Amino acid sequence: MAEARQAVSCRSSLTADGAEVELSAPVLQEIYLSGLRSWKRHLWRFWNDVVTGVFPASPSSWLFLFSAIQLAWLLQLDPSLGLMEKIKELLPDWGGGHHCLRGALAAALFASCLWGALIFTLHLALRLLLSYHGWLLEAHGAMSSPTKTWLALVRIFSGRHPMLFSYQRSLPRQPVPSVQDTVRKYLESVRPVLSDEDFDWTAVLAQEFLKLQASLLQWYLRLKSWWASNYVSDWWEEFVYLRSRNSLMVNSNYYLMDFLYVTPTPLQAARAGNAVHALLLYRHRLNRQEIPPFQKIFNTTRVPGVDKDYIRHLQDSRHVAVFHRGRFFRVGTHSPAGLLSPRALEQQFQRILDDPSPACPHEEHLAALTAAPRSMWAQVRTSVRTRAAEALEAVEGAAFFVSLDSEPGGLTRENPAASLDAYAHALLAGQGHDRWFDKSFTLIVFSNGKLGLSVEHSWADCPISGHMWEFTLATECFQLGYSADGHCKGRPDPTLPPPQRLQWDLPDQIHPSISLALSAARTLSGSIDCHVFPFSHFGKSFIRRCHLSSDSFIQMALQLAHFRDRGQFCLTYESAMTRLFLEGRTETVRCCTREACDFVRAMEDKEKTDPQCLALFRTAVDKHQALLKAAMTGQGADRHLFALYIVSRFLHLQSPFLAQVHSEQWHLSTSQVPVQQMHLFDFHNYPDYVSSGGGFGPADDHGYGVSYIFMGDDRITFHISSRKSSTKTDSHRLGQHIENALLDVASLFQAGRSPKRRFRGSGETDSGPRCGILSSQIVDDSKVPTAPSSL
């Protein structure tokens, strides 16, 4: 997602003076520190397992084993084959009367050793099983006998109720690919976008790199892969995110949207109350290790530094920070009895909405500093922390940030297209001063009850926050629900103290910095062109009937659309997850392949027949699937090249090849927002009750950012961004090209196609295709929809 732009800016961040001094440290020392950080995380997780239940057995299982051994001992059976007698002999002799105590201690020690040995054996067996990736490489819909056997063994060894970190220590380490294979894959990926002369020069640089530097750099990476948990992820987090000095707004953050066509309640405070309560329920399940995402979702802030930022994560936080009309509030989320009810939280948010007090001077625009370049914010933050430490701690130490916007958001009947674009822009950038971009995420509640998230990118990737967002929408709408008048269910609590207004004693010398940051944030916000459109002619069900990967289908259509938009091919970035490995994050799929280019050229060639185009399309899809599976199994090229580049900088080795690799621009950055928890939604009976996905800024000033989500079986929503300042891009123009490309590709699979390759979907009439947004699909905000009883 937004990581593509950060990856491009990585090279410039390494040339800054401060970063150059940092990289003067010996590479062996850096590898040692990487391993040390990994082992600290392992120890923390081990301790957490001791407190919450050790995988794959809980304390109750130890008690059961101990009881069984004691029972056998009372029945004069010795399951230890004499080991407990040996242990008793080694225990101190406390005199008469303590024989039974020594026996119990011996049984406890033997039970502990046996229990630990079983845990270690299961852990080792599961790690070996999870190292098998053959299932991923098999044809869609087919499952070999080895894979069936593997799946059965995984279910046996993983236990019935695995918890959050159940598989963490059992995941294999991400492999370091062969450097020769990586260079070959890279050259193959750039061949379609380079001229013959440029490609020949790049190939010469690659051969020199393989001959002179590759083996040395590769040796250091293999050393790190043996010592640290992951050979690339910590460097990716540090150099791509934390060392970047650019503004977080647009450049790094991304957004997630609410339901597209329904709003459960038009009451802003009520929607905020249920949403905050649902988010905190999610955190409660996270703390109990009952769900499988990431630990830094809550209580996390990215703290700015002059040379690099750092991530601050608290174990717990019992309040949220709230912004409304330029004022900051601290809202407690718990009482002595536990988590506040949704109705009590609604009451607190309504008190903030009803508070007539004005913002203090410069308080209204203070948050613009979090959208400023990081070095500038780091310097100003020192003054803010000195004079307003309590208020700053209330914001940075909050579970998350809540922005109660004064304007409505979401889809409107009067101007559906423009309202969706404005909705996306508000979530991505806002007004430049109404989001605290340092927080792990900001919950945005609009005045008409619409919701959204703005997410900081460094702590985790989109599938993590997407998992949380799915849970939140399903829980607040279908489980918590609303009363007939739109309020949260339950009764207010008049004994609750009102929210605490935060006081900012801001020194005069930072006022110019706030004004400067606000001006830059508004300029950046105004430069972004966002376009969101639901494509409703067909969706995943049609693609499934074509026996194709839905993601590959969309990616090939994007290649066709971009070529029609720009008249040329470009490097295309698609983010793929590497969570099959310990502490894995992402890998790049380079979607602009030779096969994709052949297909696009055929579609634009009037001499090519539909069967010829279809054959080339299937070949391009197969190639994309192979690249995607290679990326997911740790055999991608980009993260390996990135790590090689970082080692070369530590060693002060100049590599023209690696420098060229990391100076490339991604003119098309793409990502699919996955729907991960299908059981939470009923797409057949309630197709509108699903998140409409999210988006991010373009990776290049003359490029596009494209995100898409499959909303049920028959709808796809696209989120497109670009720079208004660029004369080469137009988000709405690309959107039209995407719609036409999808229709043209789909027509290849239609019997009796017209010469114009026009796809006639379920929503097309004789007068032409229907618009992507139908006014009849917009639910009246004044009505509270009934939650599906089955959910």
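## Packing of α9 against α24

In this predicted model, helix α9 (residues 179-190) packs on helix α24 (residues 638-650) at an angle of about 115°, and their axes lie 9 Å apart. Axes are lines fitted to C-alpha atoms, for helices over the stretch in contact, and angles run from 0 to 180 degrees between N-to-C directions. Helices are DSSP runs of H or I with at least four residues, strands are runs of E with at least two, and both are numbered from the N terminus. The angle makes α9 roughly perpendicular to α24 (65 to 115 degrees).

The crossing of these two helices, α9 and α24, is left-handed, that is, the near helix is turned anticlockwise from the far one by less than a right angle. On α9 the contact (heavy atoms within 4.5 Å) involves V179, T182 and Y186, and on α24 it involves H640, L641 and L644. Four of the residues in the contact of α9 with α24 are nonpolar, two are polar and none is charged. Here Ala, Val, Leu, Ile, Met, Phe, Trp, Tyr, Cys and Pro count as nonpolar, Asp, Glu, Lys and Arg as charged, and the others, Gly among them, as polar.

## Packing of α12 against α24

Helix α12 (residues 233-242) also meets α24: the axes come within 11 Å and cross at roughly 75°. The helices α12 and α24 are therefore roughly perpendicular to each other. From α12 the contact draws on W235, W236, F239 and V240, and from α24 on R639, F642, A643, I646, V647 and F650. By class, the contact of α12 with α24 comprises nine nonpolar residues, no polar residues and one charged residue.

## Helix α17

Helix α17 (residues 416-428) has 13 residues, which at 1.5 Å a residue should span 18 Å; its end C-alpha atoms are 19 Å apart, which agrees. The expected span is 1.5 Å times one less than the number of residues.

Of the 13 residues of α17, 10 are buried, so the helix is largely enclosed by the rest of the structure. Buried means under 20% relative accessible area, with a 1.4 Å probe and protein chains only. The buried residues of α17 are P416, S419, L420, D421, Y423, A424, H425, A426, L427 and L428. After α17 comes G430, whose phi is positive, near 60°.

## The loop residue T593

T593 lies in the loop between β14 (586-590) and α22 (594-603). T593 counts as buried, with 7% relative accessibility. Apart from its neighbours within four places in sequence, T593 is in contact with P192, K623 and L627.

## Basis of the values

Residues are numbered from 1 along each chain as its sequence is written, and side-chain values use heavy atoms, with hydrogens and water left out. For this predicted model, local features need pLDDT of at least 70 and side-chain atom pairs count only at pLDDT 80 or more, whereas totals for chains, interfaces and linings use all residues.

Note on methods. Parallel < 35°, antiparallel > 145°, perpendicular 65-115°, else oblique. Buried < 20%, exposed > 50% of the residue type's maximum accessible area, 1.4 Å probe, protein only.
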